[in-house]
Each structure stands twice: as C-alpha cells, then as structure tokens.
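Please go through this two-part set of questions with the coordinates open. Each answer sets a value against the rule that gives it its name.

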Amino acid sequence: MKILKLPKQQLDYFASVLQQFGEVHAPVKRQGKYVFARLDRWSDAVLEYNRTILPPKKYLLPPRETMFCYRRGTGYAPASENLDRKIVLFGVHSCDIYGINILDEVFAGKYPDPYYRTRRDNLTIIGIDCTPDEHCFCRSMRADFVDHGFDLFLYDIGDYYLTFVGTARGDDMVLASKTLFEPVTREDIDEYKRRSEAKRRAFQLDVEIRDLPEIFEMEYHADIWEELGKRCLSCGSCSMVCPTCYCYDVVDEVELGSRDGRRVRCWDSCLFSSHALVAGGENFRESRASRIKFRFYHKQRGFVAEYGRPSCIGCGRCIEACPVKIDIVEVLKMLRGAEDGATA
Amino acid sequence: MAQLLEERVSDQLPALNPYLPHAARLVRVDRMVPDNHLFTLRLLDDYYAAAFRHRPGQFVMLSVPGCGEAPISISSPPTRPGVLELCVRRAGRLTGALYRMGANDVVGIRGPYGNGFPVERIEGWNLLLVAGGLGMAPLRSLLWYALDHREQFKGITLMYGARTPGDMLFRDELKSLVDRRDISCLLTVDRDPTGSWEHHVGLLPGLFDRTQVDPATTFAAVCGPPIVYRFVLERLLALGFTKDRILMSLERRMKCGVGKCGHCSVGYKYTCIHGPIFTYWDAMNLPEMI
C-alpha cells in the first residue's frame, strides 16, 4: 500500500483540495455530541471525537428514501433523488469503516442494491485513527484497524498524519494536493508503532468473541433473555444508531387526492413488534424478549454463519443510546460467564 | 471484500433495478374458496415475460399500487408458462385491495425469488406431497411439475386435507386426479356438511393408514398450518423418514425478496434467499422456524 505523510498544519489546505471531489462532510459538534454534517468552513470539523450519534450508514442508506414513483397508467418508475451527490466523508473511525465494509457485503455483494451501490460509488472515505473511550470495544470485535474500505486513512503521528492510500481515488486526492505529501521516514514508522501500542493499552473494555456462536446456541433458552425483555422498551434506538443494522420497511404513499404516489423505504428495527408479523396476525417474535434475543442472535451468531464474522463492530453507540442502559458488553459477558444466564 | 470494491468500480450502473415491479394484467379471477381466490396474471413486458423462469416453490413479490408489496407463492408450474397463477388469501390491506380488482386491472410483479423445491435432487425418487388447508397453494406448482415430468419420478402420492369440501383449494382439478393411475391422489375433509363428498372423511394424518409410503426411497414435501406440521411430521418420523428428505415451505414477512430488508430472517437464514423451502433438519435447527 502507498504510504505518505501529511503535515498537520497543511490540513486546511488539503481540505480545500478535497472540494473538487465532492461536498466535504466531517464530524461537527452539536449540543455536546458529534454528528457527520456538511462543513460550512473547515474549522467546524472536529477530528478528535469519540463517536457520532448516527454512523456513516445514513449516507448510504438514508433514513427515508424514495425508491419508485408510480402513476396510474405508467406504473412504477425508479426514483433517483440525491443519488448523484458526491460526498467526501472526512474523519471516519476504523470501526465505522468496518461497518461500511459489512454493509458492502450485504448491499453490494449478492443481489446488489442499485441505490446503495450508486451512493457508495459517490462516497469518498477518509479515515482517521482515534483513542478509545469507556464504551469502545472495537478491538474485541477486530475492527480497531481496517485494511480496506477507505480511500485514505490518516494516523496521527504528532506533527504529521501518516496517510495510507487505499484506492485510486485516494491517490488522485494525493496527486491533486501536489507537493503536500511527504515520504515516510524510519522515525515516522517507529512513532506509528509506539502510538498503536498506546492505543491498544487504552481500551477499557474487552470481550472474547471466540466461540460466541456456540455459546449463543447453548444459551438460547437462558433466563437472561426474559430479563432483558422486561427492561427493553422496544424503542429501536440501538438499531437506529447501529452502523450495521440495515433492516428497512417499504411502504407505498399515495398523494393526497390522487391515485399516484411513491414507494418509500425507511429504517426499521427488529425490536418493533410488527417486524415479524405476517398476514392473518401470526407474529413469529411477539414477545419483547424474543425480539431483543433475535437482535443479539442475528448480530453475534447469525452473521457469523453467513459472513464469517459478527456484524457488531464494537463502536459503543448502542450502549450510549439505550434509555434503559442495556449494555451489549455486559450481556456478552453474562452469557459467557454462565452463572448469570444459564439457570434455565 | 476488496473484490467487491473492484466490482463496484467496474460495474458502475447496475443495469436492472431488482426492486422494480413489472406490470402484470389480471387475466382471470377464480373464486375458488371464499377469501382464497386464484388470480391469473400475464406479464405485460414481453422481454421480462420471456425471461421469467421459475422453479416450483418459488414466490413473487406482488405490488398493488398504493398498498405496497407482499410475497405470494406461485401456484402454477413452470411447465405451463405464459401466465402466472397466484392463490391469494384475503388477509389484510393489500390483499383486500387486490380482491377489489378484476380482469384487466394492472398490478406489479417482480421475481421469482427463493430457492424453490430441489427438483433435480428429487429426480428418480418417490414423491409424497402432503398439504393441509391453504398449504396446497405452494405445493400445486410442484404437483404439476412432477406430473408434467412424470418420467423423472417414481411414484407420486398426494395427500390433501381441508376442513370441508368448500374449503378445498383446486377442488375440481384435484378430484380429476383421483382416478389417474400415474398418481395416488388422496383427498380428505375433516367433515362433510354437503353430504355429497365422495372421497375420504377424517383428519389428514389418517391418510397415512390408507397407503404405503417407503421412507427409504421417498422425498416428502409438506405444507400447511402449524398443526399440520406437528401431526404430519410425527407420522413421517414414525415411518422412518430421515429429516433432510422432508421439505417444507415457510411463510414470513418480506419487504425485499433479496436478502436485504431483514424481515424474513429466522435464526441466521433469510427465508427469501435461503428458503422458503427448508428441510425439516434445517427447520428444527433454526430458532422460531415453525
């Protein structure tokens, strides 16, 4: 991989170069939290942040998107609202890039989704490294480093960013910046290693995911699910903020006073009671306990069977978002610890 | 995943939108059973119609403009192309709107989706079809596929049970099979208020006492409400069927049909792409399956 370094004091100049590749979006501070948003000026960007409220999936799977317009007589026609918008997303953490890679597998792999793919093609990703806080467990989920999925990735090494060039588009951005980037020295590499080791030691959470699928199978009937079901409010916040929760609902909306309308898809959650409801009233996950169990099961066990790894990336967003403090790390530890969960 | 990225770059604009419903005209509505009509459709786009090939057991996503989409199994066999027959139960808003439509109205179809019955795998075996109630709808496609490829199968047996003769789907058509020699067609009703039913009366599992089934050389395809699964599976296992030669068709909520929207997932499988046909072995090992 092509590796260069970018002087930190030239970052705003580099950001101005990026504008020719699309609208520049980056984390900005809003009411004490961070969100990915379009920048009015480069100084709004916050590059040292813990996590944004919503993950980058909002750029690829918008919370609400029109798929088709339909007219009486002509039928359904594909909609393409905002599909051609080119966006450069600056400052994405490795866990979130991992999340995008997982979405790529689902939406750009078998049976590709044309809306997703067009948006993905139009999204440029510049990653940045980070320091874990008390909710981060990406290291346990093997998402603390990524080797693909970004166009550029920046590692802070003091006065410079060590820059990994991941794609040809990333290389174009480097070339468009002319002489901004410098070659890497031995000292830079040593500094990178020193910081990498410091990051490893900074993690406060650790959970073992080896043989987690087997443990999920064995604990399928454990009491812990009933207990979680009593606490869970089925609000779906964890799904909304999850970088890899991609369930969606599709509805036809009719224009007022007309028989024409649009087919819209919007975010959904397996915690909502209608998620597995079929015609005639049969609901395969009627109880709240069965739904929260399903969410954990699909992420930590189901996804492993289908894609070879859990779809959880350890970003900690669901821990922060849950109004009743259901903590995925605690749940996984309880399942693993047996005493708390295996009495059934 | 690196490969996916290259695919993305090389294939910038996916040619076909897999979610696009294709216009289909209602040719005929056959009021088979109250709240269970058979809708015959013809795809309007010649190119799409010619490309449409399905396997028995597959389903389509049916669009009723303004109401959305629902997965409906295809009741017609691939051996009789030209039209699609969908047996639709009136159960909600979308199907309610469909029931208000008539000949020449236009709906949307996309598909076919799902794995379908593994017909190549069954080739050369005896085939036992067991349907209860509305379970005949997805099995009818397989039934006619097998009869139209009669030389590919050994014995074919159909066991079908409904509550009353008036609840029996495809009643006249199935009655006409009873006297055929290339199929053993056993029809039963729980009770006969008409007094004119000429076939069996009694519960579906009772039909197992009226015929011989060799579990070592037979594939069984079962479809029906949960109670049918419970009692029929019991009989099949008691006969000595191995669990991966019992096939069943499942029903789930679906919004996409292509393994994305998440609604039809059971355990770690998506009913839309890994199913809707599962072996009993798969079904018993996936939580919430039946």
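What follows is a series of questions and answers on domains, contacts, sheets, the core and backbone details.

The model is predicted, so local features were kept only at pLDDT of at least 70 and side-chain atom pairs only at pLDDT 80 or more, while totals for chains, interfaces and linings use all residues. Residues are numbered from 1 along each chain as its sequence is written, and chains are lettered from A, with ligands numbered from 1, in the order in which they are written.

Q: What makes domain 1 and domain 2 of chain A separate units here?
A: The bounds come from an automatic or database domain assignment, which divides chain A into domain 1 (2–61 + 69–202) and domain 2 (212–337). The centres of these two domains, taken over C-alpha atoms, are separated by 26 Å.

Q: How many residues of each domain of chain A are in contact, and what counts as a contact?
A: Two residues are in contact if their C-beta atoms, placed from the backbone, lie within 7 Å; by that rule 27 residues from domain 1 of chain A and 21 residues from domain 2 of chain A take part. On the domain 1 side, strand E4 (64–71) and helix H3 (94–107) of chain A are the elements that give two or more residues, and H3(A) supplies the largest share, eight residues. Helices here are DSSP runs of H or I with at least four residues, strands are runs of E with at least two, and both are numbered from the N terminus.

Q: Why are strand E10 (200–201) and strand E15 (277–279) of chain B called edge strands?
A: Two strands pair if DSSP finds at least two bridges between them, and the open sheet of seven strands in chain B runs E10-E9-E8-E7-E11-E12-E15 with mixed pairing. E10 and E15 of chain B each have a single partner strand, so one side of each is left without a neighbour in the sheet.

Q: How do you know that strand E11 (residues 218–223) and strand E12 (residues 246–249) of chain B are paired?
A: Three bridges join E11 and E12 of chain B in the parallel sense, which meets the requirement of at least two. Within this pairing, B:Met248 in E12(B) is the bridge partner of B:Val222.

Q: What is the order of the six-stranded sheet in chain B, and which strands lie at its edges?
A: This open sheet has the order E4-E3-E6-E1-E2-E5 with antiparallel pairing, and strand E4 (68–73) and E5 of chain B pair on one side only. Strand E3 (residues 59–64) and E4 of chain B are joined over six bridges in the antiparallel sense, with B:Met61 standing opposite B:Pro71.

Q: Which residues touch the most other members of the largest nonpolar core?
A: A nonpolar core is a set of buried Ala, Val, Leu, Ile, Met, Phe, Trp, Tyr and Cys residues joined through C-beta atoms within 7 Å. In the largest one, of 170 residues, those with the most contacts to other members are B:Leu129, B:Ala220, B:Ala221 and B:Met248, while H3(A) gives the most to this core, with eight residues.

Q: Why is A:Lys325 called exposed?
A: A residue is buried if 20 or more other C-beta atoms, placed from the backbone, lie within 10 Å of its own, exposed if 12 or fewer, and partly exposed in between; A:Lys325 has 9 such neighbours and therefore counts as exposed. A:Lys325 sits in the loop between helix H11 (317–321) and helix H12 (328–337) of chain A, and its phi is near 60°, a positive value in a residue other than glycine.

Q: What makes B:Asn104 buried or exposed?
A: With 8 other C-beta atoms within 10 Å, B:Asn104 is exposed. The phi of B:Asn104 is near 80°, a positive value in a residue other than glycine.
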